[in-house]
Amino acid sequence: QVQLVESGGGLVQPGGSLRLSCTASGSISNIYRMGWHRQAPGKQRELVAIITSTGSTSYADSVKGRFTISRDTPKNTVYLQMNNLKPEDTAVYSCYANIYTSPWARSDYWGQGTQVTVSS
């Protein structure tokens with residue numbers, strides 16, 4: 001059993017910053033990728049940022065230069081530092097992890113989501 005627990009969402013004014021955290025726990029052998037997706041009302045879920053076990057990162061064009069993803073591998077934790085937030089960043093942000101629960105078994109896991117609202 002694997003769980004992802006997120007924290008750090010909330011209400012912030014345009015131009016402000018928030019930091020999201022997500023920690024994986026349970027029967028984990030190794031974590032390949034961790035990242036964040038988001039879904040705004042009436043829109044499809046979109047990938048925000050991903051970081052691999054080697055530290056390679058990938059970002060959505062809409063957040064490049066404003067968001068930074070990082071990872072604390074020993075703590076099975078991924079962070080998303082969000083700066084210069086815009087109203088269009090308002091969404092439910094969900095943590096994602098691609099986890100090996102054994103040397104031959106790898107699956108995707110999701111957190112419950114945390115609301116980020118950017119409004120004045």
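Reply: A compact globule of 120 residues would have a radius of gyration near 14 Å, and the chain agrees with that, at 14 Å. The radius is taken over C-alpha atoms, and the globule rule is 2.2 Å times the number of residues to the power 0.38. Along its principal axes, the C-alpha trace spans about 45 × 25 × 25 Å.

This is a predicted model, in which local features need pLDDT of at least 70 and side-chain atom pairs count only at pLDDT 80 or more, while totals for chains, interfaces and linings use all residues. Residues are numbered from 1 along each chain as its sequence is written, and side-chain values use heavy atoms, with hydrogens and water left out.

Confidence comes next. pLDDT is the predictor's confidence in each residue, from 0 to 100. The chain averages 95, and 100% of the residues score at least 70.

The secondary structure consists of 11 strands and zero helices. Both kinds of element are DSSP runs, numbered from the N terminus: helices are H or I with at least four residues, strands E with at least two.

Now the salt bridges. The criterion is a side-chain nitrogen of Lys or Arg within 4 Å of a carboxyl oxygen of Asp or Glu. Side chains of opposite charge can pair when their charged atoms come close.

Start with Arg 38. Its side chain meets that of Glu 46, at 2.6 Å from N to O. Arg 38 is buried, at 6% relative accessible area, while Glu 46 is partly exposed, at 32%. Buried means under 20%, exposed over 50%, and partly exposed in between (1.4 Å probe, protein chains only).

Arg 38 also pairs with Asp 89, at 3.0 Å from N to O. Arg 38 lies in strand β4 (residues 30-39) and Asp 89 in the loop between β8 (77-82) and β9 (91-102), so this bridge ties together parts that are 51 residues apart in sequence. Asp 89 is buried too, with a relative accessible area of 1%. Through shared partners, salt bridges join Arg 38, Glu 46, Arg 66 and Asp 89 into one network.

Another pair is Lys 64 with Asp 61, at 3.1 Å from N to O. Both of these residues are exposed.

The nonpolar side gives the setting. In soluble globular proteins, nonpolar side chains tend to be buried together. A nonpolar core here is a set of buried Ala, Val, Leu, Ile, Met, Phe, Trp, Tyr and Cys residues joined through side-chain atoms within 4.5 Å. The largest one has 29 residues, and Trp 36, Val 48 and Leu 80 are among those with the most contacts inside it. Strands β4, β8 and β9 are among those that each supply at least two of its residues. β9 gives the largest share, five residues.

Leu 80 shows the packing. Contact means heavy atoms within 4.5 Å. Beyond its neighbours within four places in sequence, Leu 80 is in contact with residues including Trp 36, Val 48, Phe 67 and Tyr 93.

β4 also holds Asn 30. This residue is partly exposed, at 40% relative accessible area. Leaving out residues up to four places away in sequence, Asn 30 touches Ile 99 and Tyr 100.
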